[in-house]
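Subject: Handover of a structure

Dear colleague,

I am passing the structure below on to you, together with some notes on what was found in it. Please read the notes with the model open beside them.

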Amino acid sequence: MIRVGVIGYGYWGPNLVRNFSELRDAQVTAVADRRPERLAQVQRRYPGVRVMTEAADLIADPAVDAVVVATPVALHFELANAALHAGKHVLVEKPMASNSDEASRLIDEAERRRLVLMVDHTFIYTGAVQKIRELVGTGELGDLYYYDSVRINLGLFQHDVDVLWDLAVHDLSIMDFVLPQQPVAVSATGLAHVPGKPKNIAYMTMFFDGPMIAHVHASWLAPVKVRRTLLGGSRRMIVFDDLETSEKIKVYDSGISVDPSPENVYQMLVGYRTGDMWAPKLAVSEALAVEAAHFVDCVTNNARPQSDGEAGLRVVRLLEAASASMQNHGRPVDIQGVTAG
């Protein structure tokens, strides 16, 4: 039985506590939050869970084997690092840290102490994203051409991170999980329309070695809510609409072909192929329940999570590069540790 302590009972914390409480091999033993009204909610719903106002008390508690960090991003490194130093396994919300240096230090500390470090990239545990990864891995799409994602809505404006670090982080974690290659450079532009607040609309383009490009559009200032991703290949294309209730993924047997024969060298005739569409059957389990069970399994069996520290670091590096590019009006920035082609 893995005894779990959760730090932060705000927007996401209640979902984490609920899912870990429902696992057979885990038990939520403590919750920490500095707001008394939040702790009162915990006590009413989970009378057997101890509550405390100080995260340090939870981390030091010998009755806690694993710590879940569900706080603002600025506190992720401090709390996750303290938990690792205390010998606790850690699941930390996305993004993993405020910068790549902090993320690397968490990875090193977890490896040194042989502890599980996992990042809450919730979407990769959905049936839809798992299916996309499977289709890419089997070559069903052919050569990959592009990844294009839109994640927009009206609000919720954050005070500590911009829209890329808040919304686009989901798309970057999905992209990191399903694509076999990593971006080598990033260009990003964005604007803040509310004085004193972070950028609320942004466009992020990622470049790869070879004929592949990725783009993410994120906004808190849209009149409609859109959660849609297109993944195009030489053989087939995928539309992933997370707001669809039944057919979240649609696979299209559509594409183009170019006739390279000598007689067409000047015309370069392009042929268009429009075939059938099919919607694969997907697992319907709640993603966070799958993720929580995966974390407990990794702790129990000393296994590496699908969303491990390295995955978290790759996403933070992309966000860092995007922030640097926005400061320079979209000038491309090479990804740290990767040489641009």
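Helices (H or I, at least four residues) and strands (E, at least two) are DSSP runs, numbered from the N terminus. This is a predicted model, in which local features need pLDDT of at least 70 and side-chain atom pairs count only at pLDDT 80 or more, while totals for chains, interfaces and linings use all residues. Residues are numbered from 1 along each chain as its sequence is written, and side-chain values use heavy atoms, with hydrogens and water left out.

The sheet

Six strands form an open sheet with parallel pairing, in the order β3-β2-β1-β4-β5-β6, where two strands pair if DSSP finds at least two bridges between them. Its edge strands are β3 (50-52) and β6, each of which pairs on one side only. From one strand to the next the twist averages 20 degrees. Strands β1 and β4 run parallel and are joined by four bridges, with Gly5 standing opposite Val67 in β4. Strand β5 (residues 89-93) likewise pairs with β6 in the parallel sense over four bridges, and here Leu91 stands opposite Met118 in β6. In strand β6 (residues 117-120), Leu117 and Val119 point one way and Met118 and Asp120 the other way, and all are buried (under 20% relative accessible area, with exposed over 50% and partly exposed in between; 1.4 Å probe, protein chains only).

Helix α4

Helix α4 (residues 76-85) is mostly covered, since seven of its ten residues are buried, among them His76, Phe77 and Leu79. The cover over these buried residues includes β1 (2-7), α3 (55-60), β4 (66-69), β5 and α5, with contact meaning heavy atoms within 4.5 Å. Just after α4, Gly87 takes a positive phi of about 85 degrees.

Ser100 and helix α5

Ser100 lies in helix α5 (residues 100-113), and this residue is buried, with a relative accessible area of 6%. Leaving aside its neighbours within four places in sequence, Ser100 is in contact with Leu313, Val316, Arg317, Glu320 and Gln336. With one of these, Glu320, the side chain of Ser100 makes a polar contact, side chain to side chain, at 2.7 Å (a pair of N or O atoms within 3.5 Å; within protein, one must be able to donate a hydrogen and the other to accept it, and residues adjacent in sequence count only if both atoms are side-chain atoms).

With kind regards

Definitions and conventions. Axes are lines fitted to C-alpha atoms, for helices over the stretch in contact, and angles run from 0 to 180 degrees between N-to-C directions.
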